[in-house]
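Here are my notes on the model, as numbered points. Please keep the structure open while you read.

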Amino acid sequence: GGLTAIVPIPALLSGAGMTGGAEVGTASGTDAASAGSAAGSGNGAGTETAVASSTVAAAGSTGAASGAVVDPGLVAFLVGSDGETTVIRKSLAKGSLMYIPLAGSAEVKLADNSKVFTDVAAGAWYAGAARFAGARELFAGVGPDQFGPTQSLSRAMLVTVLRRLENGDGNGAGAGFADVAPGAWYTGSVAWANAAGIIGGVSDTDFAPTRAITREELASTLYRYARYLGSDLVGATGSGAEAATGAEAATGAGVATGSETGGGAAGASAGSATNPAAGSGTNAATGTAASGAGSSAGAATGSAANSPAPAADPLAGFADRADVSAWATEVIRWAVETGLLAGRAGKDGVVLLAPKSEVTRAEAAVILRRLLERLI
């Protein structure tokens, strides 16, 4: 794999210090900039809908973010030698910096690639995440201008999103499952995810592509995806977080009715910043004071005879923790500790894991955005 270029957003948008100045306007091959954007010269530095190009090196440098808020629809594009552009799906803005994974030196552009979803209200708790996912072309929508936020996320949808993130081959002729027909829109994605060890079938013969995925199944799949990437996110919990493929065959019950906001839990998940996508305060993931499973909360000091205090259970703040399947306990714990799952608000301020409830597309967008923020 390559390295990550960390590029000041205002410099790219304004064209400061670049030979020939900024190239301003919408990038070739992308959706037109949203209403109100200026598609000509005269856009000031930091205008999120302006576009600029520059050649950047895939340097491993680091830099502190300024804390400025950047529109989640702003993404980086790779510019080919023929001028064609390709969205860099893992490009991510933090403060005034854009983190861009690159295989080597390349010409990149920043552009607003936001999609207009008429069923996503501007103030919805998932609006930022829907904008984030749409701009990176992870979620194509369920119809013209429709995101389908309350619709359940199917297993086929999930593997398609993950395959798109990795630019994996989506043209597989077959996936080896009796219920995955050659040529279906998800066939290549199922084949890719199965071969990568990210998700398997619900039996030896079936994948169940149209079945809604549950929250505990999503946690298991994302754990495996992070492991596939070799991410440090899976280093904390170790092999105990791995769930057997066959154990995920149990059908999840209940369509999601809440939001992945985490309001009201006993404490904020360690190491996770305020989540702008969810529209809530912090990821309320149970009051654990250390990020990473197995870490001790308050190790004893001063005497070799003192034993470290036992780590607080990250699931302790969830009223329905007993509903988590035995096979999923460790992956749910991992998802909570890493800040991916924050819980749903139940009655009377109770926070629920809802492990066997179906994941909505809105929740999936929020959780995937959190994952990307933690992977860089």
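1. In which helix do R333 and E330 lie, and how many residues apart are they? Both lie in helix α6, three residues apart, about one turn of the helix. Helices here are DSSP runs of H or I with at least four residues, strands are runs of E with at least two, and both are numbered from the N terminus. An α-helix has 3.6 residues a turn, so residues three or four places apart point the same way. The side chains of R333 and E330 meet in a salt bridge, 2.6 Å from N to O. A salt bridge means a side-chain nitrogen of Lys or Arg within 4 Å of a carboxyl oxygen of Asp or Glu. R333 counts as buried at 17% relative accessibility. E330 counts as partly exposed at 29%. The cut-offs are under 20% relative accessible area for buried, over 50% for exposed, and partly exposed in between (1.4 Å probe, protein chains only).

2. A word on the model. It is predicted: local features need pLDDT of at least 70, side-chain atom pairs count only at pLDDT 80 or more, and totals for chains, interfaces and linings use all residues. Residues are numbered from 1 along each chain as its sequence is written, and side-chain values use heavy atoms, with hydrogens and water left out.

3. pLDDT is the predictor's confidence in each residue, from 0 to 100. The protein has a mean pLDDT of 73, and 63% of its residues reach 70 or more. Among its elements, helix α5 (residues 215-229) has the highest mean, 97. Strand β2 (residues 52-56) has the lowest, 44. Over residues 15-68 the pLDDT is below 50, and this stretch has 114 contacts in the model beyond near neighbours in sequence. A contact means heavy atoms within 4.5 Å. Residues 261-304 also have pLDDT below 50, with 99 contacts beyond near neighbours in sequence.

4. Now the sheet. Three strands form an open sheet in the order β1-β6-β5, with antiparallel pairing. Two strands pair if DSSP finds at least two bridges between them. β1 (3-8) and β5 (92-94) stand at the edges with a single partner strand each, so one side of each has no neighbour in the sheet. On average, neighbouring strands of this sheet are turned by 30° against each other, direction ignored. β5 pairs with β6 (residues 97-102) over three bridges. K94 stands opposite L97 in β6.

5. There is a hairpin too. Strands β3 (residues 74-79) and β4 (residues 85-88) run antiparallel, joined by four bridges. The bridge partner of A76 is I88 in β4. Five residues lie between the strands, and G83 takes a positive phi near 90°.

6. Is helix α3 (residues 155-165) mostly covered or mostly open? Mostly covered: ten of its eleven residues are buried. Among them are M157, L158, V161 and L162. The cover includes α4 (187-195), α5 and α7 (361-375). N167 follows α3 and has a positive phi, near 55°.

7. Look next at the nonpolar cores. Each is a set of buried Ala, Val, Leu, Ile, Met, Phe, Trp, Tyr and Cys residues joined through side-chain atoms within 4.5 Å. In soluble globular proteins, nonpolar side chains tend to be buried together. The largest core here has 64 residues, and F139, L162, V190, L222, I332 and W334 touch the most other members. α7 supplies the largest share, eight residues. A second, separate core of 13 residues includes V70, I88, I100 and L102.

8. Finish with the other salt bridges. The structure holds 13 in total. R215 forms one with E363, with the closest N and O atoms 3.0 Å apart. This pair links helix α5 to helix α7, 148 residues apart. Both R215 and E363 are buried. E216 and K356 also meet in a salt bridge, 3.9 Å from N to O. E216 lies in α5 and K356 in the loop between β9 (351-352) and α7, so the pair ties together parts 140 residues apart in sequence. E216 is buried, at 4% relative accessible area, whereas K356 is partly exposed, at 33%. D71, D112 and R131 are linked in a network of salt bridges.

Technical notes
Axes are lines fitted to C-alpha atoms, for helices over the stretch in contact, and angles run from 0 to 180 degrees between N-to-C directions.
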